[in-house]
Amino acid sequence: MGNFDAFEQGFASPNGNGRLPNGHGSPKESLSVEPQRKFSAPAYTEIRTRRCNAKAAAESKQASSSNYHPEKKAHLNGHASATRQQKSESKPNQAEGKLSPEKEHYQKTSFEEVPMHTACLTYLGFYLLMILGYINQLLFVPKVATEKGREGYVALYDAFESFYSRYVYRRIKDCWNRPISSVPGDELTLKDRVTDDYGWSFKFTGTETRCLNLGSYNYLGFAAATGRCADESEDRARGSGLAYCSSRCELGNNVQVDELEKLTARYFGVEDAIVFGMGFATNALNLPSLLGPNCMVVSDEKNHASIILGLRLSGATIKVFKHNNMRDLERVLRDGICHGNVKNGGKPWSKVMIIVEGIFSMEGSIVRLPEVVALKKKYKAYLYLDEAHSVGAMGSHGRGVTDYYKVDPKDVDILMGTFTKSFGSAGGYLAGSKKLIDFLRTNSHAHCYAGSISPPIAQQILTSMKTIMGEDGTETGRNKIMQLARNTRYFRRRLAQLGVITYGHEDSPVVPMLVYLFSKIGAVVRTLTTRHIAVVGAGFPATPIMEGRIRFCLSAAHTKEQLDYALEVIDETADDLGLKYSRKPRDPNPIEY
C-alpha cells in the first residue's frame, strides 16, 4: 500500500462599496468617487482618531508613517521596490525544531475559547434572525421564483437553504460578492452599488471606491496589471490566442503546457506533474479517479468543500479526525484499519489515504506535516496534501509546507495545489511520482474532458514561478517571500496587541479575526469599507454558527504604512463594536517590523 500499484488496478469511481445600502446609515462624503480612480486616502497620510479621551494603551501603538501615498509607490510587478526591505532581513518561514512538534505547534498557534456571554449572545442573535425570518415569510410573499408542475420530483432547493438565503443571508448580502473593476493587488477598486428593497436586488451607482485590499489571496503580489508577468502574458495572448477550446487528450496539448508541467515538477522536487485549467475543481474532478468503494479516506474536519465533494463522488468510506489533532488521526487510522471495510465483511481496505491541507483557509492554521508523514508511514497509508493556500506563501523557497518543515516532498504521495493565489493566475496541479501522473493522464476526468489551460494563464504561471525560483536572474522572488513573512508576523502580533481574538499559526498569511455575532460580520465589513479597507467576512454555513469572523489575507505587496493604517482602523472599529474579546495578556512593547 506504500506505492502506487493500487492505482494501476483502476480504483475508479462508480460515478464515472462607496454608498451603503438602504437602511444602513448614510455614507461619508469621502466615499463619492472623483473622476480619477486612484485612492486619495487622506487617512494614509494622517491618521486621526475619533475619540477625545486618550486610551491607556496608546503608548504601545506604532507610529504610522506620514509620507505614504499610493501614487508614490514604485511597482515591480505589483511588489513595491526593494527599498521597502531596508531593515535587517528576518528569517523566512521555517520550523526551527527546538521544541517537540506538538509543543512547537501550540506555541506558535493562536486560539481562544469564546467567552460564555458572547456565545449566548451569538446564539440568541442568530435565532432571533431566524424567528424574524419565519414571521416575514408568513406575512409577505418572497420576491423569488417558485417551482411549479414538479409533483413527484425531488425539490431543486433544500427548504432550509432557501429560507436561510432569503431571510438571514439577504440582510447582509451587500457584504459579499462585491464586484471590482481592477486587479486585486495591494489595493483594488470596488464598484459601488445600492439596494432599494433590503437586499433582494442591487443596482450600480456609477461610482467606484478605491480600497486597501485585505481580502484577496494575492500572497506574493503577482496580481498586477503591470510588470514582467503582465507583459509576457499579454504577448502570449496576442501570439497564441485566449483558449485552445479542447481537452488535453484532444487538441489542448502543446509545448507550453508541457514546459509548465516540467517546471512544476522541478519546482516541487518530484518526478512529474500534471496541470489543469481549473483550481479547486482539481480536487473534485481527480479524487474520484484515485479512490473507489473499497478505499478508506481519513480527512481533517476543516478540509475544503472541494475535497469533501470529491470524496463523496468517489464512493470511498470517509472518516473524519479532529482538526490538526495527531492523536485523533492515529486513533481513526488504527480503528479503521483494524476493523477493515465493515460493508464488505471486514475485509482489508484496498487503499487508505490521509487528506489534509497545507494552510486551512478558514482557520489560518498550518498542518503538522512531519507528524502526519510519520503516521502515514507507520500505517502504510497514502498522503494527499492540498497546498492551495500554502504553495508560494510558505517556506524559504516558496514551495509550501514541505519546504517550511524541510520534509522530503517524495514523502507526500500526492501534492495538489492551485495557481490562483500565490501565482496570480488560474488553474491547478497534481504532482508526485511518474507512476501516479501517468495514471492520471489516462484516468483523470479533468485531463480527459475539461478544457486545457489558457495560453496567457499558463504564461503567467511560468513567469511567476521562474521569478520565485530565481531563474529570472533577480532576487525579486526571494524578496517577495521575505516580505510576506515579515508582513504576516507583524500584522498578527499587532492584532494580538490590540486585544482581538485571531486564529491560526503565526506564519500563516490567512488571519481570521473572530467577531462571533452574525450582525457584527456585516457591521465590520461595512465600517471598514467606509474607511477604504476591503475585507472578507465569513459566517454560517462556511463557519460554525458561533464563530463568525473577518478573514484578512496578507500580501507581499502590502507596505508597513498600509498595514499600520489598517491596524489603526481595526483598533477603532474593535472599540466601537466591542470586538476585543481576548483575555490573553497584551505585549506592552512596540512590535518591530
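Visitor: How do β16 and β17 pair?
Guide: β16 and strand β17 (residues 548–553) pair in the antiparallel sense, over three bridges. Two strands count as paired if DSSP finds at least two bridges between them; strands are DSSP runs of E, at least two residues, and helices are runs of H or I, at least four, numbered from the N terminus. This is a predicted model: local features need pLDDT of at least 70, side-chain atom pairs count only at pLDDT 80 or more, and totals for chains, interfaces and linings use all residues. Residues are numbered from 1 along each chain as its sequence is written, and side-chain values use heavy atoms, with hydrogens and water left out.

Visitor: Which residue in β17 is the bridge partner of Ala538?
Guide: Arg549.

Visitor: What is the strand order in the open sheet?
Guide: β14-β17-β16, three strands with antiparallel pairing. The edge strands, β14 (510–516) and β16 (536–538), each pair on one side only.

Visitor: Which helix packs on the sheet?
Guide: Helix α16 (residues 476–498), which touches β14 and β17. Contact means heavy atoms within 4.5 Å.

Visitor: Arg486 is in that helix. Buried or exposed?
Guide: Arg486 is buried, because its relative accessible area is 6%; buried means under 20%, exposed over 50%, and partly exposed in between (1.4 Å probe, protein chains only). The C-alpha atoms of Arg486 and Ala556 are separated by 8.6 Å, though the two residues are 70 apart along the chain.

Visitor: Other topic. What about Leu139, buried or exposed?
Guide: Leu139 is exposed, with a relative accessible area of 60%. Leu139 is found in helix α4 (residues 116–139).

Technical notes
Axes are lines fitted to C-alpha atoms, for helices over the stretch in contact, and angles run from 0 to 180 degrees between N-to-C directions.
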